[in-house]
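Here is a short briefing on one protein chain. Please look over the sequence and the fold before reading on.

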Amino acid sequence: MKKMIFAALITMGSFTFADDTGVITLSGSIGVINEIVITQNEIATNLNIAEGEDAALVATVEESSNSPTGYTIYMNSVNNSNLINTENDAESVSYTIAYDGAAPIALSTSDLAVKTVGALGGLVTDESEVVLALLGDSTVGSGNYTDTITVSIAAN
C-alpha cells in the first residue's frame, strides 16, 4: 500500500498544466541566387581570322539573380583579348567584346565589370548578347587561333 501511494505521488508531480495561450514560431529562408547560363554560338569557334569579324554574336548569357543589392557581370580573357596561334604564340590577332549592347572593350586577365544591375525586388532573369569584333589579318601564319573568356556573376 505504501508503494502505491508513493508511486501515485511521484506520478502526480510530473503532470504538466496547460496555459491559456501558446506560441508557434515559423521561419524559412531563401538563399541568394546568382547564376549564369552561357549559350555559345557556332561562329565563336569558326571565326574568320584573315578577313575579320564585325559584330559576330558569339554567345548569349542568361543571368539570374535575387540579390536585393543587385549584381555585376564580370569578364576576363586568358590572352588579354588576343587570339593566339597555338602553333606559334608570337602570332596573334586582337579582338574586342561588347556585352549587352555596351561599347566594345578589350578584356584583360583581370576581371572587368561589363554590366551592373541595381537593387532587385525578387528573382530577375535577363539575357545578354556577347558580340565580338576583330580586324582581319591575312598576314599571320596558318594555325588555330584561340583565347578563353571567363564570365562570372556576383552580388553587389
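Which residue in S2 does Val 37 stand opposite? Val 37 stands opposite Glu 62 in S2. The model is predicted.

**Open sheet**

- An open sheet is formed by 6 strands, and its order is S1-S2-S7-S5-S4-S8.
- The pairing in this sheet is antiparallel.
- S1 and S8 are the edge strands, since each of them pairs on one side only.
- S1 and S2 run antiparallel and are joined by 7 bridges.
- The facing residues Val 37 and Glu 62 belong to the opening question, with Glu 62 on the S2 side.
- As a general point, strands of a sheet pair through backbone hydrogen bonds, in either a parallel or an antiparallel way.

- Strand S3 covers residues 71-77.
- S3 is mostly covered, with 6 of its 7 residues buried.
- S3 pairs with S6 in the antiparallel sense, over 5 bridges.
- Met 75 has Leu 112 in S6 as its bridge partner.
- S3 also runs antiparallel to S9, and 7 bridges join these two strands.
- Opposite Thr 72 stands Ala 154 in S9.

**Salt-bridge network**

- A search of the whole structure gives 3 salt bridges.
- Lys 115 and Glu 63 meet through their side chains in a salt bridge, at 2.8 Å from N to O.
- This pair links distant parts of the chain, 52 residues apart. Lys 115 sits in strand S6 (residues 112-117) and Glu 63 in strand S2 (residues 52-65).
- Lys 115 is buried because its relative accessible area is 11%, under the 20% cut-off.
- Glu 63 also counts as buried, because its relative accessibility is 0%.
- The side chains of Lys 115 and Asp 100 form a salt bridge at 3.3 Å, N to O.
- Asp 100 lies in the loop between strand S5 (92-99) and S6, and Lys 115 lies in strand S6, so this pair ties together parts that are 15 residues apart in sequence.
- Asp 100 counts as partly exposed because its relative accessibility is 36%.
- Asp 126 and Lys 115 meet in a salt bridge of 2.5 Å, N to O.
- Asp 126 is in strand S7 (residues 124-135) and Lys 115 in strand S6, so the pair ties together parts 11 residues apart in sequence.
- Asp 126 counts as partly exposed, because its relative accessibility is 30%.
- Through shared partners, the salt bridges join Glu 63, Asp 100, Lys 115 and Asp 126 into one network.

**Largest pocket**

- The largest pocket holds about 540 Å³ of space.
- It is lined by 25 residues, and the closest to its centre are Ala 44, Thr 45, Leu 47, Leu 83 and Asp 147.
- The elements that give two or more residues to this lining are strand S1 (34-40), S2, S7, strand S8 (145-146) and strand S9 (149-155).
- S2 gives the largest share of the lining, 3 residues.
- By class, the lining residues divide into 16 nonpolar, 8 polar and 1 charged.

**Ser 65: buried or exposed?**

- Ser 65 has its place in strand S2.
- Ser 65 counts as buried because its relative accessibility is 0%.
- The side chain of Ser 65 reaches the backbone oxygen of Ile 33, at 3.3 Å.

**Gly 101: buried or exposed?**

- Gly 101 is in the loop between S5 and S6.
- Gly 101 counts as exposed because its relative accessibility is 77%.
- The C-alpha atoms of Gly 101 and Val 130 are separated by 8.3 Å. Along the chain, these two residues are 29 residues apart.

Methods: Residues are numbered from 1 along each chain as its sequence is written. This is a predicted model: local features need pLDDT of at least 70, side-chain atom pairs count only at pLDDT 80 or more; totals for chains, interfaces and linings use all residues. Side-chain values use heavy atoms; hydrogens and water are left out. A salt bridge is a side-chain nitrogen of Lys or Arg within 4 Å of a carboxyl oxygen of Asp or Glu. Helices (H or I, at least four residues) and strands (E, at least two) are DSSP runs, numbered from the N terminus. Buried means under 20% relative accessible area, exposed over 50%, partly exposed in between (1.4 Å probe, protein chains only). On a 1 Å grid over the protein atoms alone, a cavity is a set of points where a 1.4 Å probe fits but cannot get out, and a pocket is an open set with protein on both sides within 12 Å along at least five of seven lines; lining residues have an atom within 4 Å of a point. Grid points are joined across faces, edges and corners, and a volume is the space filled by probe spheres set on the points. Ala, Val, Leu, Ile, Met, Phe, Trp, Tyr, Cys and Pro count as nonpolar, Asp, Glu, Lys and Arg as charged, and the others, Gly among them, as polar. Two strands pair if DSSP finds at least two bridges between them. A polar contact is a pair of N or O atoms within 3.5 Å; within protein, one must be able to donate a hydrogen and the other to accept it, and residues adjacent in sequence count only if both atoms are side-chain atoms.
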